[in-house]
Amino acid sequence: MRLTIVFLLTLWLSTERTDAQNWRDSLTYFNREIAAGPWSTNLHQRKATANLQLQQWQYAIDEYDLILQREPHNPAALFYRAYANTHLRRYQLAQHDYESLLQFAPRHMQARLALAYVLQLMGKNMEALDQLNQTVELHADSAIAYATRASLEREMKQHEPALFDWQRASELDSQNADYIASRVDLLLSLKRNKEALRVLDEAVERGVDRARLNEWYVKCRKRKRMAAGISLGRK
């Protein structure tokens with residue numbers, strides 16, 4: 001489970017999701033207002049948001065370019081221009097914008113997580129891990145920070161750190177079944193079946209709905225039967 005991708009692809013737009021026709025209507029309105037009046041950063045940002053919702057990545061980038069010409073440190077413009085460039089696979093441009101944003105807003109968690117994601121896409125896992133380490137240091141109470149780092153650690157086969165981070169994520173967000181499942185999945189891949197079952201039981205004791213974890217109980221029982229069969233075969 002690659003939580004980094006899951007997290008980023010939820011799209012950090014703080015706008016209501018409506019149908020495409022509504023966004024196209026909004027775009028027509030914003031274009032008309034922009035053409036008729038003086039400069040308005042707000043209008044250009046709203047137009048760019050509509051472009052993003054319609055997946056018009058280059059049009060959104062053009063709007064953010066205009067904004068950043070006037071306001072070089074506009075955090076939303078830097079963040080979402082990087083987001084759009086990521087969709088166009090212009091990873092170096094996205095990296096530059098995220099890094100520029102973090103220079104004056106080092107605690108911007110979304111930007112740091114997004115930068116780590118872009119670095120992963122570029123094959124720079126160690127640099128991505130460094131960003132996630134900084135994220136955890138700056139946001140030690142964030143479950144998503146630990147879970148995202150755990151996801152990368154697993155990809156890098158750093159299994160013990162990944163298990164620790166998923167455990168910490170579960171402590172911070174005790175009802176999140178995805179974190180529990182990720183930890184159990186890794187334990188099963190390491191053939192630590194009893195430990196995986198213990199993690200599930202502890203989660204249920206904390207109040208997690210057992211039905212949400214039933215798939216993993218089934219996998220644990222299956223692994224237990226397989227292990228018993230192998231033992232009998234050896235005898």
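**Exercise 1.** State which residues of α8 and α9 meet, and describe the packing of the two helices.

*Solution.* 
Step 1. From α8, the residues in contact (heavy atoms within 4.5 Å) are Asn125, Ala128, Leu129, Leu132, Asn133, Thr135 and Val136. Their partners in α9 are Ala145, Tyr146, Thr148, Arg149, Leu152 and Glu153.
Step 2. Sorted by class, this contact of α8 with α9 has 7 nonpolar, 4 polar and 2 charged residues. Ala, Val, Leu, Ile, Met, Phe, Trp, Tyr, Cys and Pro count as nonpolar, Asp, Glu, Lys and Arg as charged, and the others, Gly among them, as polar.
Step 3. Helices α8 (residues 125-138) and α9 (residues 143-155) pack at about 160 degrees, and their axes are 9 Å apart. Axes are lines fitted to C-alpha atoms, for helices over the stretch in contact, with angles from 0 to 180 degrees between N-to-C directions.
Step 4. The two helices are therefore roughly antiparallel (an angle over 145 degrees).
Step 5. The crossing of α8 past α9 is left-handed, that is, the near helix is turned anticlockwise from the far one by less than a right angle.

The model is predicted: local features need pLDDT of at least 70, side-chain atom pairs count only at pLDDT 80 or more, and totals for chains, interfaces and linings use all residues. Residues are numbered from 1 along each chain as its sequence is written, and side-chain values use heavy atoms, leaving out hydrogens and water.

**Exercise 2.** How do α7 and α8 cross?

*Solution.* 
Step 1. The axes of α7 (residues 109-121) and α8 come within 7 Å and cross at roughly 165 degrees.
Step 2. That angle makes α7 roughly antiparallel to α8.
Step 3. On the α7 side the contact includes Met109, Leu113 and Leu119, and on the α8 side Leu132 and Leu138 are among the residues.
Step 4. By class, there are 8 nonpolar, 5 polar and 2 charged residues in the contact of α7 with α8.

**Exercise 3.** Which residues have the most contacts inside the largest nonpolar core?

*Solution.* 
Step 1. A nonpolar core is a set of buried Ala, Val, Leu, Ile, Met, Phe, Trp, Tyr and Cys residues joined through side-chain atoms within 4.5 Å; buried means under 20% relative accessible area (1.4 Å probe, protein chains only).
Step 2. The largest core has 61 residues, and Leu52, Tyr64, Tyr98, Ile180, Val184, Leu200 and Leu213 have the most contacts inside it.
Step 3. A second, separate core has 6 residues, including Leu27 and Phe30.
Step 4. Of the 235 residues in the chain, 45% are buried.

Notes:
Helices (H or I, at least four residues) and strands (E, at least two) are DSSP runs, numbered from the N terminus. Angles under 35 degrees count as roughly parallel, over 145 as roughly antiparallel, 65 to 115 as roughly perpendicular and the rest as oblique. Buried means under 20% relative accessible area, exposed over 50%, partly exposed in between (1.4 Å probe, protein chains only).
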